[in-house]
Amino acid sequence: MNQHLLLGAEAIAMAAIDAGISGVYAYPGTPSTEITEFIQHSHIARERNIHSTWSANEKTAYESALGMSYAGKRSLVCMKHVGLNVAADAFMNSAMTGVNGGMVLVVADDPSMHSSQNEQDSRVFGKFAMLPVLEPSTQQEAYDCIHYAYSISEQLQLPIVVRISTRISHSRAIVVSQSIQKQNSLNPDTDKRKWILIPAFARMRYAHLLSLQPKLLELSEKSPFNTVVKGNSKQAVIAFGIAYNYVMEVITAHNLDISVLKISQYPIPHTHVAEFLYTYDSILIAEEGYPVYEELLRGFSGNNKLRGRLDGTLPRTGELNPDHIAQAFGIAIQQEYSIPVFVVNRPPELCKGCSHRDLFEALQIVMKEYSHNHVFSDIGCYTLGALKPFEAINTCVDMGASVTMAKGAADAGMHPAIGLIGDSTFTHSGITGLLDAVNDKSHVTIIISDNATTAMTGGQDSAGTHKLHSICEGIGVEPSHIRTITPISTGLQENIQIIREEIEYKGVSVIIAQRECVQVAIRNKKKNKTS
Amino acid sequence: MKTNIIIAGVGGQGILTISSIIDLAAMHSGLHVKQAEVHGMSQRGGEVQSHLRISDSIIYSDLIPLGQADVIISVEPLEALRYVPFLKEKGIIISATEPFTNITNYPNIDAVLSELKKFPNAKLIHASQIAQQLGNIKSYNIVLLGAAIPYLGIPQEQIEWGIRTLFATKGNAIIDANIAALYKGLEITK
């Protein structure tokens with residue numbers, strides 16, 4: 001037996017390799033990063049020549065995976081929930097084209113926002129695109145459902161969505177693997193009507209997608225991942241994905257006689273759900289994420305048999321846990337001890353010696369000279385500049401928004417209009433915004449804090465390393481106003497002077513603050529020592 | 001058998017190393033394992049914890065319910081106190097005494113330690129000091145793991161096997177240093 005101790009994310013990666021993928025495409029994002037990293041470190045993946053380098057963003061990743069599928073091979077694309085917003089155009093339209101080689105999208109949601117700016121539920125996207133969604137509850141199921149997903153993807157000729165969340169992605173358990181399958185051979189799709197979504201063809205494709213819906217429902221009805229635990233009382237639970245674990249934990253620990261319908265494949269299986277709705281007097285709906293199906297099952301009438309996140313039985317927001325489920329059944333929590341009042345929080349912080357620290361120090365000194373001292377910022381380690389001791393940024397919205405919000409604010413008459421962005425975030429979604437600013441000759445100062453890595457997610461390669469200057473020059477920033485500085489304490493006075501000059505320049509200026517991430521530097525040093 | 005363990009500390013203190021060794025030992029003993037850990041933003045010097053559950057029967061939840069942890073192993077004393085709501089009545093706390101003070105408002109360390117001493121089964125261990133005496137300061141987390149051995153429900157040979165497996169590629173010197181740290185820790189609580 002092939003037993004492995006794997007994170008949910010790693011179980012997915014191993015399953016994808018075993019299912020014969022020829023490539024994984026992704027941009028790092030917690031809690032999805034470890035899927036791609038596992039494949040990058042796999043010897044088997046290397047032997048099989050499986051593509052695994054990082055993409056510039058989730059949209060380029062999704063489209064590359066779709067291209068590999070077009071060519072007839074199996075592909076995997078991974079992202080965090082907000083990454084699917086970036087890839088949404090490609091995603092929605094891939095439901096219209098369909099696929100050739102099997103294609104699976106793994107999207108990792110982050111309820112409770114451990115490392116994210118919202119807790120959107122990707123199952124809504126699955127429904128929006130009218131695609132099958134799988135939501136494993138265990139690491140073993142995560143492994144098994146990937147094999148299944150590739151099989152139905154090729155059978156239905158549709159991309160399949162696998163939705164996971166932080167807890168399953170970052171939790172380890174023992175997983176039994178299957179034998180490895182052959183990779184598909186090159187077999188490009190020749191059906192132009194399928195792939196050219198001009199209106200006349202697109203209407204046909206939409207009709208086709210709709211015609212597949214009964215088949216999708218049929219697969220859910222007989223899915224090995226949708227199961228029933230029979231009890232004898234009039235109480236029941238419909239538990240989705242990982243919520244099933246918490247429900248079963250409570251039921252077994254307290255010997256409750258309650259029936260459970262576990263749903264891990266969507267569209268939801270109508271027969272099972274209808275049977276539960278008619279048979280039981282009180283039904284708890286346990287979903288990790290939004291109350292998507294609770295809302296649907298309640299309908300306009302509200303259905304007072306149902307309990308869940310919408311009536312306060314479970315919390316409306318955040319990740320579920322076994323204590324929430326126990327309380328929903330009226331079981332008292334056996335908590336003996338409380339946290340002493342003097343135990344303060346320990347928020348994350350920028351590392352000692354981090355280049356962002358020196359940049360913030362210089363920037364803060366300059367900003368004190370202005371009455372409007374707002375800094376539009378972005379998503380990365382430098383977002384920690386929002387916290388003490390710096391409190392140096394005013395915004396963090398979505399990837400790339402620092403550049404474009406600074407531009408909009410400059411258009412409104414704000415000065416200085418500063419956009420502070422990391423190197424990887426800049427190549428992800430900042431370049432096009434900078435082009436807008438150049439074309440409008442906006443009075444903005446864009447600071448790219450370039451530590452030559454995607455640091456926040458653990459130091460993955462950054463798409464723009466060594467290219468940032470030429471990218472800025474290429475889209476038309478005046479070369480004399482692309483300034484490179486080294487954010488280091490001995491350069492403080494010089495850096496202050498350069499920032500001051502560029503803020504005062506009436507046009508687009510870019511300051512590239514360049515110094516390697518200290519974590520990556522330590523890691524490289526260790527690597528060099530051992531090799 | 002079923003053991004629920006919380007492993008706590010600050011990002012970068014080797015919490016995941018302790019978890020990985022227990023995981024391997026449990027799997028090698030034919031037990032079920034579930035272990036939830038923290039990745040992402042909190043790893044930057046923030047509070048991190050791991051919920052580790054081992055059992056001879058199926059484990060459903062990846063998270064330990066409140067009041068159900070048999071053991072808290074903490075690499076840092078303030079962090080041990082953060083997770084006491086999870087501790088069972090008379091549960092075990094194995095904690096290092098040395099504070100990690102990367103915050104300006106870190107409470108008085110004497111108050112932290114005397115609060116820990118109020119727990120009926122708290123074992124406070126000068127883990128860094130012991131590791132230093134052994135000549136390998138980095139193995140302080142393994143000293144704590146050693147002290148936890150009597151409460152894990154896994155034989156010590158299996159834990160030793162876990163260390164040998166996890167550090168297999170690091171060479172004998174590192175393996176031996178960690179095994180020495182393990183048994184030094186065990187001496188304290190045995």
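What share of the 531 residues in chain A is buried? Here are some notes on this predicted model, starting with that point.

1. Buried residues account for 52% of the 531 residues in chain A. Here a residue is buried if 20 or more other C-beta atoms lie within 10 Å of its own, exposed if 12 or fewer, and partly exposed in between, with C-beta atoms placed from the backbone. For orientation, residues are numbered from 1 along each chain as its sequence is written, while chains are lettered from A and ligands numbered from 1 in the order in which they are written. Please keep in mind that, the model being predicted, local features need pLDDT of at least 70 and side-chain atom pairs count only at pLDDT 80 or more, whereas totals for chains, interfaces and linings use all residues.

2. Chain A holds 22 helices and 18 strands; helices (H or I, at least four residues) and strands (E, at least two) are DSSP runs, numbered from the N terminus. The radius of gyration of chain A is 25 Å, close to the 24 Å from the globule rule for 531 residues, so chain A is as compact as a globular protein of that length. That radius is taken over C-alpha atoms, and the rule is 2.2 Å times the number of residues to the power 0.38. Along the principal axes, the C-alpha atoms of chain A fill a box of roughly 75 × 65 × 55 Å. Of the contacts in chain A with a separation of 6 or more, 77% are between residues 24 or more positions apart; a contact means that the C-beta atoms of two residues, placed from the backbone, lie within 7 Å.

3. Next, the domains. Chain A is divided into domain 1 (3-221), domain 2 (227-328) and domain 3 (355-521), with bounds from an automatic or database domain assignment. Taken over C-alpha atoms, the centres of domain 1 and domain 2 of chain A are 27 Å apart. Their contact involves 22 residues of domain 1 of chain A and 21 residues of domain 2 of chain A. On the domain 1 side, the elements giving two or more residues are α7 (122-129), β5 (133-134), α9 (166-169) and α11 (199-221) of chain A, and α11(A) gives the most, with four residues. By class, this side of domain 1 of chain A has nine nonpolar, five polar and eight charged residues. In this scheme Ala, Val, Leu, Ile, Met, Phe, Trp, Tyr, Cys and Pro count as nonpolar, Asp, Glu, Lys and Arg as charged, and the others, Gly among them, as polar.

4. There is an open sheet of five strands in chain A, with parallel pairing and the order β14-β15-β16-β18-β17. Strands pair if DSSP finds at least two bridges between them. Its edge strands are β14 (375-376) and β17 (482-485) of chain A, each pairing on one side only. Within the sheet, β15 (residues 418-422) and β16 (residues 445-450) of chain A run parallel and are joined by five bridges, with Gly419(A) opposite Ile446(A) in β16(A). Helix α16 (residues 355-367) of chain A packs on the sheet, touching β14, β16 and β18 (509-514) of chain A, and its direction makes about 160° with that of β16(A). Helix α17 (residues 401-411) of chain A also packs on the sheet, touching β14, β15 and β16 of chain A, at about 175° to the direction of β15(A). Axes are lines fitted to C-alpha atoms, for helices over the stretch in contact, and angles run from 0 to 180 degrees between N-to-C directions.

5. On to chain B, which has seven helices and six strands. Buried residues make up 56% of the 190 residues in chain B. In strand β1 (residues 2-10) of chain B, seven of the nine residues are buried. β1(B) runs antiparallel to β3 (residues 47-55) of chain B over nine bridges, and Ile6(B) stands opposite His51(B). β1(B) also pairs in the parallel sense with β4 (residues 69-74) of chain B over four bridges, where Ile7(B) faces Ile73(B).

6. Finally, the contact between the chains takes 39 residues from chain B and 40 residues from chain A. β2(B) provides the largest share of the chain B side, five residues. β2(B) pairs in the antiparallel sense with β7 (residues 171-176) of chain A over three bridges, and Ala36(B) is the bridge partner of Ser171(A).
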